[in-house]
Amino acid sequence: MKTSRTYAGIPEAYAGFDKSKIVLIPVPYDGTSTWGKGADKGPNAFLEASENMELYDIETDSEVYKQGIYLADPITENSSPEAMVAAVHKQTKEFIKRNKFVSLFGGEHSIAIGAMRAFTECFDNLTVLQIDAHADLRKEYQGSPYNHACALYEANQNTNLVQVGIRSMDASEKSVMNHDNVFFAHEMVQDEYWMDTAIEAMTDTVYITFDLDGLDPSVLGATGTPEPGGLFWYETLEFIRRVFAEKKVVGFDIVELCPNAYDKASNFAAAKLYYKMLSYKFEDGNEIIGADIEFAQKKETKAGLPKFNTKGDES
Ligand SMILES: [Mn+2]
């Protein structure tokens with residue numbers, strides 16, 4: 001049964017589908033994880049933490065929930081990895097076509113495959129920005145191309161993939177990796193210009209897939225395969241805020257929260273990260289959505305809203 005739960009407990013007035021600019025799709029899927037099980041519990045832990053979070057963002061001086069955040073029904077298809085990917089693809093594409101800013105919360109990283117496929121079909125010259133400890137470039141793993149270890153294989157074939165925070169991979173992945181677009185954690189720590197170089201490597205249109213294990217485990221430890229030496233909180237925020245400001249970010253997912261009873265801080269970090277990303281997206285002056293496909297976008301919504309002004313933000 002659908003309850004009246006809203007994202008972060010926001011008032012119904014900001015949570016209806018029609019008026020919401022943002023859609024959140026929970027995908028509680030954990031079909032292929034190899035080590036720490038429990039990413040299927042991620043969306044609920046994330047939503048619970050979000051319900052206990054203050055909704056004014058100091059840094060951007062905004063309350064982004066007032067843009068409207070529609071909490072979609074979770075995608076629970078798990079009869080096979082293929083069926084799950086197809087269900088995510090279909091739902092994501094439907095919401096893109098209805099001119100929503102689509103965000104997803106997993107679930108393990110394979111939930112991003114269908115989402116990235118939908119964005120690739122709807123937007124030209126797409127960059128996928130992957131923040132992750134792992135390269136995830138295997139063509140198949142344990143018999144399936146839809147394993148979490150293969151999450152970025154397709155995006156690497158079809159988009160401009162930029163990988164940030166990588167510190168674990170298989171030697172076989174070296175041959176498919178685009179080395180100019182890979183930012184290894186051990187190099188980032190010695191390169192004060194890595195953010196500039198990473199942003200230069202992106203096209204104008206960006207989708208972000210954020211595997212929480214890209215963060216340092218001291219920031220967020222409740223993930224299936226934690227790796228030392230990850231991104232810290234404020235450098236993460238600085239980087240993604242710049243990406244939102246300098247590029248047209250068209251959607252994002254956050255994956256691999258694997259909650260446990262002893263570490264509530266991780267759930268809160270994931271909740272805060274999600275809200276920060278929305279706050280940056282809708283920060284004054286940032287461009288809104290704008291796909292290269294036909295939208296049923298209502299003209300009157302363009303009037304009077306400063307965020308639709310595009311003056312002077314093309315660099
Ligand atoms: Mn990972």
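Asp-136 is found in the loop between strand E4 (126-131) and helix H4 (153-158). Here helices (H or I, at least four residues) and strands (E, at least two) are DSSP runs, numbered from the N terminus. The structure is a predicted model, in which local features need pLDDT of at least 70, side-chain atom pairs count only at pLDDT 80 or more, and totals for chains, interfaces and linings use all residues. Residues are numbered from 1 along each chain as its sequence is written.

**Backbone features in loops**

Phi of Asp-136 is positive, although the residue is not a glycine. Asp-136 counts as buried because it has 27 C-beta neighbours inside 10 Å. A residue is buried if 20 or more other C-beta atoms lie within 10 Å of its own, exposed if 12 or fewer, and partly exposed in between, with C-beta atoms placed from the backbone. Glu-256, which is likewise not a glycine, also has a positive phi. This residue belongs to the loop between strand E8 (248-255) and H8. The two residues are set out below.

| Residue | Phi | C-beta neighbours inside 10 Å |
|---|---|---|
| Asp-136 | near 55° | 27 neighbours |
| Glu-256 | about 75° | 32 neighbours |

A cis peptide bond, with omega near 15°, links Gly-106 to Gly-107. Gly-107 lies in the loop between strand E3 (101-106) and helix H3 (111-122).

**Enclosed helices**

H3 is largely enclosed by the rest of the structure, because 10 of its 12 residues are buried. Among them are Ile-111, Met-116, Arg-117, Phe-119 and Cys-122. Helix H1 (residues 42-51) is also largely enclosed, because seven of its 10 residues are buried. These are Gly-42, Pro-43, Ala-45, Phe-46, Leu-47, Ala-49 and Ser-50. Their cover includes strand E1 (22-27), E3 and H8.

**The pair H7 and H8**

The axes of helix H7 (residues 233-246) and helix H8 (residues 264-281) come within 9 Å and cross at roughly 35°. Axes are lines fitted to C-alpha atoms, for helices over the stretch in contact, and angles run from 0 to 180 degrees between N-to-C directions. The crossing is right-handed, that is, the near helix is turned clockwise from the far one by less than a right angle. H7 contributes Leu-237, Ile-240, Arg-241 and Phe-244 to the contact, while H8 contributes Lys-276, Met-277, Tyr-280 and Lys-281. Two residues are in contact if their C-beta atoms, placed from the backbone, lie within 7 Å. Five of the contact residues are nonpolar, none is polar and three are charged. In this grouping Ala, Val, Leu, Ile, Met, Phe, Trp, Tyr, Cys and Pro count as nonpolar, Asp, Glu, Lys and Arg as charged, and the others, Gly among them, as polar.
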